Amino acid sequence: MFRRDPLADPAPLIKRVYAYAAYRLGDGPEAEDVTSETFERALRYKKSYDPRKGEPVAWLLGIAKRCIDGSWSTTEYATEGVDSVDATDLEEETIRRLTVTRAVATLDERDRELVALRYGADLTARQIAELLGARTNAVEVALHRALGRLRAVLGEEMDAEPVRKRGASQ
Amino acid sequence: MRYWRKRHEAFDLEAELRTSRPEPAPELISRLEARARDHGRSRAGSLRVAFVGALTAVMVLALASVGGVGYASSAAEDAAVSVKRVVSPSDVISVIDRSSASDQYKKPAKKKKVKAKKKGKGAKGKVKARIRPPFTG
């Protein structure tokens, strides 16, 4: 008779949706807008949530994905502020975070989405496959490739860093 | 990039992606939490009212089907009478006029004075009545 409320404990869901949006669009106001819009839509269409189809987080990420694909331009990744960071003034953790964010921004849209779903929203490969309508195996392979590309980007950045520093000192 | 150089050998990208996960501002979390809470509360309130209304209707129907309404009304009448008695205590003591006790122990009724009968049609004025036979001696 009574359905379980999918938004009964919203805080962890907000964090996961935001992390997904931030990995796709960049950490900042656009990710916040997507998160807000996702929750507004979720509240409006709460009746349409079917627990048999999956966890509330998967349902919310489906809404967030549609929000991003429909209204937000994913090609313009919000990298403002990332390049202007002075590494010497920041804590190691912040540097690490910004470096990873910058590396994710260089990936193409498909890879970025997979990384966002897997490591931002913390979904399993199976849940991602259900959400995207793909096979679990295909998702795992695509994720493996995306991580390889990300490693390559991070390696390039590591190689380029001394050159950049040298140029800056001259 | 000191970090990458330092930990180049044992670099776990997946762990880094998880720990470097962007986090929303606390204001955004509290705002959305409040929004979800308000939405849930208004829906729960209307559901509660509907549930109470439906339950009341079911109870009234069930009572009516077994004559409970008439019973309740007579009970209410009795209650009203009881209240009336309490409010006006003069009605509480009722004297029973005609009872076996009152027949047995009633005060003797005062004798009425018997008026002298008028004699005959022709008698006029006061006539002393003879109470003894005449002395014959």
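Two residues are in contact if their C-beta atoms, placed from the backbone, lie within 7 Å. The exercises below use this cut-off on a predicted model.

**Exercise 1.** Describe how helix H1 (residues 10-25) and helix H2 (residues 29-44) of chain A pack.

*Solution.*
Step 1. Two packed helices are described by the angle between their axes and the distance between the axes.
Step 2. The axes of H1(A) and H2(A) come within 8 Å and cross at roughly 135 degrees. Therefore H1(A) is oblique to H2(A).
Step 3. The crossing of H1(A) past H2(A) is right-handed.
Step 4. Now list the contacts. H1(A) brings A:Ile14, A:Val17, A:Tyr18, A:Ala21, A:Ala22 and A:Leu25. They meet A:Glu30, A:Ala31, A:Val34, A:Thr35 and A:Thr38 of H2(A).
Step 5. Sort these residues by class: eight are nonpolar, two polar and one charged.

**Exercise 2.** Check the length of helix H4 (residues 92-105) of chain A, then find its buried residues.

*Solution.*
Step 1. The expected span is 1.5 Å times one less than the number of residues. For the 14 residues of H4(A), that should be 20 Å.
Step 2. The end C-alpha atoms of H4(A) are 20 Å apart, which agrees.
Step 3. Buried here means 20 or more other C-beta atoms within 10 Å. In H4(A), the buried residues are A:Arg97, A:Thr99, A:Val100, A:Thr101, A:Ala103 and A:Val104.

**Exercise 3.** Work out which helices of chain B supply the side that touches chain A.

*Solution.*
Step 1. Count the contacts: 22 residues of chain B touch 33 residues of chain A.
Step 2. Helices H1 (2-6), H2 (13-19) and H3 (26-65) of chain B each supply at least two residues of that side.
Step 3. H3(B) gives the largest share, eight residues.
Step 4. By class, the chain B side holds eleven nonpolar, three polar and eight charged residues.

Key: Residues numbered from 1 in each chain as written. Chains lettered and ligands numbered in written order. Predicted model: local features only at pLDDT ≥ 70, side-chain atom pairs only at ≥ 80, totals over all residues. Axes fitted to C-alpha atoms, helices over the stretch in contact; angles between N-to-C directions. Helix = DSSP H or I, 4+ residues; strand = E, 2+ residues; numbered from the N terminus. Parallel < 35°, antiparallel > 145°, perpendicular 65-115°, else oblique. Left-handed = near helix turned anticlockwise from the far one by under 90°. Nonpolar A, V, L, I, M, F, W, Y, C, P; charged D, E, K, R; others polar. Buried ≥ 20, exposed ≤ 12 C-beta atoms within 10 Å, placed from the backbone.
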